[in-house]
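Open the model in a viewer and keep the sequence panel beside it. The stops below say what to select next and what is there.

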Amino acid sequence: MNLKTFGEYYYFLRFDATRKEEMAKLFEVITTNETSFYRNPPQLKVFQDDILPATLDGIRKRGQKKLRIWSAGCSTGEEPYTLSIILHEVLKTELSQWDIKITANDLSEAVLKAARQGRYSEYALRTTPKEIVDKYFIKRDTVYDVQPKLKPIINFAPINLSDRFMLKRNEKSNIIFCRNVIIYFDDEMKRQVIESFYDNLLPGGCMLIGHSESLHNISRTFKPEHHVGTIVYRKQA
Ligand SMILES: C[S@@+](CC[C@H](N)C(=O)[O-])C[C@H]1O[C@@H](n2cnc3c(N)ncnc32)[C@H](O)[C@@H]1O
């Protein structure tokens, strides 16, 4: 850009008429988009065998069939598609009777574009059970396309998690996945984002974060629940 100092670049990002386009490019280069299908299998096992069935039962008991899941920082889509697969595995034919939405957000438009397309390499499926790959993907040469039936319940949209007003507009969730995202934030932003998630969750709802992340010194509002291989953070009912 022919700018000589970081100060000039900062000034550009704050005041130039084309700052929004440059900001989007900056986001692309400074974010880490590492992800995969079935990332952290022990945590997903707890979700599939315990958290999800209990959540669905609670909703059924209230005479409802509406479920909202939020995948915040979804990168190229492997996480929300994994959640869609697990929902299909757990609900089977009952799924069509439910009103289900997975809101999948990311800062980067480029990763969202790839996510909407749903085309992956074998590497993205390295921790995915073979029977799941056979059942939910269409293999064409060296690429794997997600089965179209996984897509309708997912809504991919851009969001910056630092924008608390945007987060407030998000529909209330039963379950939030925000894995391997807050690790890149400073403590103040972690607190702000976790507080927004707490406000967004329905009473009794829960949040799952990344394997190497913790809410230590960040939030005491959630009740940590210890499961084999993972901690689930619960909002009191
Ligand atoms: C390492 S990936 C994690 C993807 C997935 N959740 C997983 O665990 O596999 C982190 C993602 O968070 C997104 N991200 C980082 N900062 C963000 C922000 N302020 N708002 C929204 N998304 C953000 C990045 O663009 C990136 O795609």
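This is a predicted model: local features need pLDDT of at least 70, side-chain atom pairs count only at pLDDT 80 or more; totals for chains, interfaces and linings use all residues.

## Stop 1: a hairpin

Select strands E4 and E5: they form a hairpin with 2 residues between them, and Asp141 in the turn has a positive phi of about 50°. Residues are numbered from 1 along each chain as its sequence is written, and side-chain values use heavy atoms, with hydrogens and water left out.

E4 and strand E5 (residues 143-146) pair in the antiparallel sense over 4 bridges; two strands pair if DSSP finds at least two bridges between them. To see one of these bridges, select Phe137, whose partner in E5 is Val146.

E3 and E5 run antiparallel and are joined by 3 bridges. Select Ser121 and look across to Val143, its bridge partner in E5.

With the three selected, which strands are the edges of the sheet? The order is E3-E5-E4, in an open sheet of 3 strands with antiparallel pairing. The edge strands are E3 (119-121) and E4 (137-140), each of which pairs on one side only. Neighbouring strands here are turned by 35° against each other on average, direction ignored; axes are lines fitted to C-alpha atoms, for helices over the stretch in contact, and angles run from 0 to 180 degrees between N-to-C directions.

## Stop 2: the seven-stranded sheet

Next, select the 7 strands of the other open sheet, in the order E6-E2-E1-E7-E8-E10-E9; their pairing is mixed. The edge strands are E6 (154-158) and E9, each pairing on one side only. In this sheet, neighbouring strands are turned by 20° against each other on average, direction ignored.

Begin at E6. Strand E2 (residues 99-106) pairs with E6 in the parallel sense over 5 bridges. Asn105 has Ala157 of E6 as its bridge partner.

Move to strand E7 (residues 173-178). Is E7 buried or exposed? It is largely enclosed by the rest of the structure, because 6 of its 6 residues are buried, where buried means under 20% relative accessible area, exposed over 50% and partly exposed in between (1.4 Å probe, protein chains only).

Select Ile175 in E7 and look to both sides. E7 runs parallel to strand E1 (residues 66-72), with 3 bridges joining them, and Ile69 has Ile175 as its bridge partner. E7 also runs parallel to strand E8 (residues 201-209), joined by 5 bridges; in E8, the partner of Ile175 is Cys206.

## Stop 3: two cysteines

Select Cys74 and Cys178. The disulfide count is 0. Cys74 is buried at 1% relative accessible area, and Cys178 also counts as buried, at 1% relative accessibility.

## Stop 4: around the ligand

Select the ligand and the 20 residues around it; those that come nearest are Thr35, Arg39, Gly73, Asp106 and Asn180. A residue is near if one of its heavy atoms lies within 4 Å.

Now look for polar contacts, which are pairs of N or O atoms within 3.5 Å; within protein, one must be able to donate a hydrogen and the other to accept it, and residues adjacent in sequence count only if both atoms are side-chain atoms.

- Asp106: a side-chain N or O atom is 2.6 Å from an oxygen atom of the ligand.
- Asn180: a polar side-chain atom lies 2.8 Å from a ligand oxygen atom.
- Glu79: a side-chain N or O atom is 3.1 Å from a nitrogen atom of the ligand.

## Stop 5: out to strand E9

Finish at His226, in strand E9 (residues 223-227). At 65% relative accessibility, His226 counts as exposed.

Note on methods:
A disulfide is a pair of cysteine sulfur atoms within 2.5 Å.
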